[in-house]
Amino acid sequence: MVIFTEEILNQKSHMLELLKVLRDAMNHEFRGFYLDYQPQVNGRTKALTGVETLVRFCDEKGNRISPVEFIPVMEKEGMIYEMGRWVLRQAIRDAGEWIRIKPDFDISVNASALEMMNDQYIEDVEKILEEEKFPAKNLVIELTESSAVQRMDIFRNKYKKLREMGIRIAMDDFGTGYSSLEFLKNAPIDLVKIDRSFLKDILYSRFDSAFITFIVEICHDVNIKVCQEGVETLEEYEMLKKMELDCIQGYYFGKPMSKNAIRNKISAECQTEGND
């Protein structure tokens, strides 16, 4: 038995209205969708090495709607694949300008399990790269650990094909799943991103600092790079400096920002390096 309440009705009405708004936006060339980029820096030098792509949405009234709210709706209604293609194309189009300034600059784009399950996924990624004339070596595809672990047998061949194209594979939210070490042993990946949950208590928890150190060591032994997510303070960074992380991202190094802000940041760093 379910007790019907006005709250249930309001929630249902809100979801239907959001679905209508999202469909209308997609039918008008993704009107209202835009991308922000969060900086990723070298773990030792703090130099900018890449960005993670983050999709945003703002409706016609100027209301910003969180990805936590609109992405599940798009997944449920079968809209996520089309949006994923748009995000990938737009992201590498933006990054095309950045790599002309800094040729080794990386751009990470998230891919959901639903996107990977589409039979056209590999072909579409390859087509977009060719049409935009973007080098595959500068692209990193990020997968959430839970979806990657649960569908390893299905996705293994797709990971392999992406890597054969020159694209690198990153596993996001590492440490939150139930078979992390098994995944490291069997998955064809290039980068592990340690979840923020193992950092928030690092100043007080010997377990968290030991966990990060252990993951860095075991990954480096098998040529997998490691990135720590969610660094927000100088104290956290000072702790991490000793752990030989390949890259770090978090609000301490920059909140998500526009493509122009990233371009200016790259240009400023390159100019400083040139003066040195």
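**View 1. The largest pocket of the predicted model.** The strand β2 (48–58) supplies the largest share of the lining of the largest pocket, 5 residues. This is a predicted model, in which local features need pLDDT of at least 70 and side-chain atom pairs count only at pLDDT 80 or more, while totals for chains, interfaces and linings use all residues. Residues are numbered from 1 along each chain as its sequence is written, and side-chain values use heavy atoms, without hydrogens and water. A pocket is an open set of points on a 1 Å grid where a 1.4 Å probe fits, with protein on both sides within 12 Å along at least five of seven lines; lining residues have an atom within 4 Å of a point. The space in the largest pocket is about 960 Å³. Its lining comprises 38 residues, with E52, L54, I71, N110 and D172 nearest the centre.

**View 2. The second largest pocket.** About 430 Å³ of space lies here. Among the 19 lining residues, T49, D106, R168, K225 and C247 are closest to the centre of the second largest pocket. Elements giving two or more residues to this lining are β1 (33–42), β2, β4 and β5.

**View 3. Packing of α3 against α5.** Helix α5 (residues 121–132) and α3 pack at an angle of about 30 degrees, their axes 10 Å apart. The two helices are therefore roughly parallel (angles under 35 degrees). Residues Y81, R85, L88, R89, I92 and R93 of α3 meet Y121, D124, V125, I128, L129, E131 and E132 of α5, contact meaning heavy atoms within 4.5 Å.

Methods
Grid points are joined across faces, edges and corners, and a volume is the space filled by probe spheres set on the points. Helices (H or I, at least four residues) and strands (E, at least two) are DSSP runs, numbered from the N terminus. Axes are lines fitted to C-alpha atoms, for helices over the stretch in contact, and angles run from 0 to 180 degrees between N-to-C directions. Angles under 35 degrees count as roughly parallel, over 145 as roughly antiparallel, 65 to 115 as roughly perpendicular and the rest as oblique.
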